Amino acid sequence: MKIKGLRWFIIGLIFLATVINYVDRSALGIMWGSEGLEGSISHSLGLTKNDYSYILNIFMVAYALGQLFSGKLFDKVGTRIGYVISIGVWGISSFMHSTVRGLFSIAFFRSTLGLSEAGNWPGGVKSNAEWFPIKERAIAQGLFNAGASIGSVIAPPLIAALFVGFGWRVTFMVIGSFGILWIIPWLLINKAGPKKHPWITAKEQKYILEGQSKADQNATEDTKGLSLKQILSHKESWAVVVGRFFLEPIWWLFVGWMPIYLFDMYHFNVKEVGMFLWVPYVGAAIGSIAGGYVSGKIIAKTNSIDKGRKTTILIGGVIMILGLIATVLIGNTPERFVAIVFVVLFGFQFAISNVQTLPSDFFSGKSVGSLAGLGGMIGVFSVIIMNFLVPIIAEVSYTPIFIAIAIFVPLGVGAIYYFAKNIESVEK
């Protein structure tokens with residue numbers, strides 16, 4: 001049996017895994033509520049906003065470590081088994097949230113969730129490097145990243161409906177089952193890489209392999225990846241590390257704190273959060289696909305990976321800055337706020353699909369997941385710092401937070417331009 005366009009079935013499954021990833025991680029914030037909101041997690045367990053910040057950071061610390069660990073894991077065992085381990089653990093962890101009784105137990109399962117969910121990103125980057133020619137990697141990454149946005153669109157109304165109908169414990173049982181079920185089609189379809197898959201057509205196999213770098217073409221399962229020290233000896237690697245340090249907090253501010261912002265500023269309940277929260281992620285989904293498409297078009301027209309990546313990242317950066325300034329100047333109603341965040345997250349995803357593709361532009365084989373994981377880990381560390389500061393600053397105003405991450409945008413984009421003078425393979 002041969003399947004035309006097999007690579008799109010693979011990225012489709014990873015897209016679905018990313019949707020599940022964001023449904024699982026979004027559930028806590030959506031159902032957290034406030035201390036006086038009956039039936040919410042915080043009310044049921046007697047927890048506060050400070051407890052939420054601790055739990056959020058426990059997740060982020062585990063997520064940071066998971067980025068580095070899973071990058072090495074995927075390089076060692078491959079994407080097929082790496083995903084089974086990653087999504088299997090996070091599905092069980094999400095399900096077990098239904099059993100928590102207080103701060104300690106919820107923090108424990110939040111840590112195992114963060115550790116395992118992190119694998120989705122280095123795994124996705126590595127899979128795209130295996131299954132797509134260079135000119136299609138940004139659009140593949142955009143489709144993969146769109147899963148995060150679609151998951152964030154689906155999560156608020158889905159979780160709010162489950163919460164209203166069955167309560168938060170049953171909600172965790174339901175969404176935790178999604179990831180475990182996903183493993184079945186993944187093992188059935190993703191039998192091997194494009195060089196050995198029995199279902200790939202000769203035409204598609206030739207198209208993929210000839211469109212990859214020479215280092216990719218020469219890589220085999222026995223090819224040894226570089227150590228992190230060797231990877232960081234290349235200046236270009238720092239474009240990924242520093243760029244993601246400054247850019248990651250923009251996305252995570254809204255993922256982690258937007259439900260709490262709506263609870264605090266507009267006194268929303270869980271149902272109202274479900275009605276509003278999905279809107280900005282539609283912008284993010286469109287930005288993911290648009291950023292990959294634009295980058296691919298520029299690369300095809302100019303035959304320059306450097307121009308395609310950098311131009312798209314710069315455009316996304318400008319959109320982010322304008323949107324973040326607008327949150328301060330005119331985002332004074334819930335309708336305006338979510339509309340502005342729609343623009344911010346469009347810009348973020350327009351750029352980040354290309355930033356996350358950089359490891360596969362610079363390296364091949366078993367080094368790709370390692371750099372992707374390292375970049376993700378460093379990015380999460382800046383998010384952890386932000387999460388400690390947000391509840392303190394928010395006691396006075398959220399405005400300084402929006403100003404700070406607006407400043408981060410040119411620092412992140414500038415780092416990519418500075419460290420990566422020319423985006424191309426460093427493996428000569």
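Arg 244 is buried, at 5% relative accessibility (buried means under 20% relative accessible area, with a 1.4 Å probe and protein chains only). Glu 248 is buried too, with a relative accessible area of 6%. Their side chains meet in a salt bridge, 2.9 Å from N to O (a side-chain nitrogen of Lys or Arg within 4 Å of a carboxyl oxygen of Asp or Glu). Both residues lie in helix H11, four residues apart, or about one turn (helices are DSSP runs of H or I, at least four residues, numbered from the N terminus).

This is a predicted model: local features need pLDDT of at least 70, side-chain atom pairs count only at pLDDT 80 or more, and totals for chains, interfaces and linings use all residues. Residues are numbered from 1 along each chain as its sequence is written, and side-chain values use heavy atoms, without hydrogens and water.

## Other salt bridges

The structure holds seven salt bridges. Lys 310 and Asp 306 form one, at 3.1 Å from N to O. Both are buried. They sit four residues apart in helix H14 (residues 305-329), about one helical turn.

Asp 361 bridges to Arg 309, with the closest N and O atoms 2.7 Å apart. Asp 361 lies in helix H15 (residues 334-362) and Arg 309 in helix H14, so this pair ties together parts 52 residues apart in sequence. Asp 361 is buried at 5% relative accessible area, and Arg 309 at 0%.

## Trp 252

Leaving aside neighbours within four places in sequence, Trp 252 is in contact (heavy atoms within 4.5 Å) with residues including Tyr 22, Arg 25, Phe 59 and Met 386.

Methods
Helices (H or I, at least four residues) and strands (E, at least two) are DSSP runs, numbered from the N terminus. Buried means under 20% relative accessible area, exposed over 50%, partly exposed in between (1.4 Å probe, protein chains only).
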